There are 2 protein chains.
Amino acid sequence: VGRWEPDARGRLERAAMELFEEQGFAATTVPQITARAGLTTRTFFRHFADKREVLYAGDEITAFARRLLVEAPHDLDPVQLVEQGLQQVAAERFDGRRDEVRRRRALVRTEASLRERDAQKRDDLAAVMRPALEERGADPLTAALLAELTVSVLHVAIDAWLDADDGRTFGEVVGSCFERLRTVLPAAPPST
Amino acid sequence: VGRWEPDARGRLERAAMELFEEQGFAATTVPQITARAGLTTRTFFRHFADKREVLYAGDEITAFARRLLVEAPHDLDPVQLVEQGLQQVAAERFDGRRDEVRRRRALVRTEASLRERDAQKRDDLAAVMRPALEERGADPLTAALLAELTVSVLHVAIDAWLDADDGRTFGEVVGSCFERLRTVLPAAPPST
């Protein structure tokens, strides 16, 4: 990004979000976004494949997860690994951004193609985690289950955190989710 | 469906699947599907919104899950409920259909829009399960976590079942997944 377009990406993201909220996602065009941002469509397409990707391109959670899994201490077992990973995601990417995350959620709920893209993003995250967990000693079935479990906890915890008015941090909500799973799961008797 | 078009839906589904496999999903058009099936596009659109929905319209797993949750015995706790529900899904909808499920998976993997639709389908299933679990006494957080967990186990178990060559039924694979989660999860120490 050249200095003649300072923060082009951020300007496009903010303009897009404003327009999506004002007039709806479907009614918003790329030229409207660039006009609002004072930039050209050429600049837009240098940063984003289409208007939908404006909401996702800045979200490097997959790369973040991969890095966390590679850098984590080697004495953690797989469950500790994913739980501590989620705690770090919470601290670095969610806490302090509740309004922004809530606005984004409201928008995604209005539009089927955004809900599908969100679901796909969760799949991508699980797909990154599986081999990383296997590299750290988990067998393939455990790695697959823990990857999906982590993505599920993240998903449920985001909603619980956004809906709660109790001042808990996102990390505290993540911790409650794991505690709840530990309480509920072993309660079932051995299958007959 | 009138008797002058016997099994129109099934014929369209089989024609579509053949064409998707022969020439790819993207290259296949609705007129090609109807020509192969010997039916009109008008008939096609009476059954399906578009060519993608051919792969999903017959999949009533969401309605099936809702019915299971309503009809299950009332003395089951929520984990037993989802585990037994998955066992029934396994027996009635998967066992004996391994080739068909495997072909479908191969196709979905080739196409981003199908992977997104699959992910959305899993979201829909979780969305149906949450209120049903709450009606049966689970608190909202537990209901949300168990709904996501069930969908995750189903997803992981399908892949494990399709990839295994060990003659296990889908229900046995589902059972192993729950056992694995019970083993792995309580292994983590209380968070510090």
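The lining of the largest pocket draws on both chains: H7 and H8 of chain A, together with helix H1 (8-23), H5, helix H6 (98-109), H7 and H8 of chain B, each supply at least two residues. This is a predicted model, and the pocket in question has a volume of about 1400 Å³. Chain B and chain A bury about 3400 Å² between them, and the rule finds six salt bridges across that interface.

**Largest pocket**

- The largest pocket, about 1400 Å³ in volume, is lined by 46 residues, of which B:Val101, B:Arg104, B:Arg105, B:Asp118 and B:Ile158 are the closest to its centre.
- H8(B) provides the largest share of this lining, with eight residues.
- By class, the lining of the largest pocket holds 22 charged, 20 nonpolar and four polar residues.

**Second largest pocket**

- The volume of the second largest pocket is about 1200 Å³.
- Its lining has 40 residues, and those closest to the centre are A:Arg104, A:Arg105, A:Val108, A:Asp118 and A:Lys121.
- Two or more lining residues come from each of helix H1 (8-23), helix H5 (78-94), helix H6 (98-109), H7 and H8 of chain A, and also from H7 of chain B.
- The lining of the second largest pocket consists of 20 charged, 16 nonpolar and four polar residues.

**Enclosed space**

- Rolling a probe the size of a water molecule over the atoms shows where empty space is left.
- The rule gives one cavity of 30 Å³ or more.
- The largest cavity contains about 180 Å³ of space.
- It is lined by 14 residues, with A:Arg122, A:Glu148, B:Arg122, B:Asp123 and B:Glu148 the closest to its centre.
- Helix H7 (112-135) and helix H8 (140-163) of chain A, along with H7 and H8 of chain B, each contribute at least two residues to the cavity lining.
- Six charged, five nonpolar and three polar residues make up the lining of the largest cavity.

**Interface: extent and make-up**

- The size of an interface is often given as the accessible area lost when the parts come together.
- For chain B and chain A the buried area is about 3400 Å², and carbon and sulfur atoms give 65% of it.
- In chain B, the residues that lose the most area to chain A are B:Glu116, B:Leu145 and B:Leu185, together 19% of what that side buries.
- Contacts link 38 residues of chain B with 38 residues of chain A.
- Eleven residue pairs are in polar contact across the interface, both residues being at pLDDT 80 or more.
- Helix H5 (78-94), helix H7 (112-135), helix H8 (140-163) and helix H9 (170-184) of chain B each supply at least two residues of the side that touches chain A.
- H8(B) gives the most to that side of chain B, with twelve residues.
- The side of chain B that touches chain A divides into 19 nonpolar, twelve charged and seven polar residues.

**Salt bridges**

- Side chains of opposite charge can pair when their charged atoms come close.
- Over all chains the rule counts 42 salt bridges, and across the interface of chain B and chain A it finds six.
- A:Arg52 forms a salt bridge with B:Glu116, with the closest N and O atoms 3.0 Å apart.
- That pair crosses between chains, from A:Arg52 in the loop between helix H3 (41-47) and helix H4 (61-71) of chain A to B:Glu116 in helix H7 of chain B.
- A:Asp139 and B:Arg180 also meet through their side chains in a salt bridge, at 2.6 Å from N to O.

Terms used: Residues are numbered from 1 along each chain as its sequence is written. Chains are lettered from A and ligands numbered from 1 in the order in which they are written. This is a predicted model: local features need pLDDT of at least 70, side-chain atom pairs count only at pLDDT 80 or more; totals for chains, interfaces and linings use all residues. Side-chain values use heavy atoms; hydrogens and water are left out. Contact means heavy atoms within 4.5 Å. Buried area is the accessible area (1.4 Å probe) that two parts lose on being put together, summed over both. A salt bridge is a side-chain nitrogen of Lys or Arg within 4 Å of a carboxyl oxygen of Asp or Glu. A polar contact is a pair of N or O atoms within 3.5 Å; within protein, one must be able to donate a hydrogen and the other to accept it, and residues adjacent in sequence count only if both atoms are side-chain atoms. Helices (H or I, at least four residues) and strands (E, at least two) are DSSP runs, numbered from the N terminus. Ala, Val, Leu, Ile, Met, Phe, Trp, Tyr, Cys and Pro count as nonpolar, Asp, Glu, Lys and Arg as charged, and the others, Gly among them, as polar. On a 1 Å grid over the protein atoms alone, a cavity is a set of points where a 1.4 Å probe fits but cannot get out, and a pocket is an open set with protein on both sides within 12 Å along at least five of seven lines; lining residues have an atom within 4 Å of a point. Grid points are joined across faces, edges and corners, and a volume is the space filled by probe spheres set on the points.
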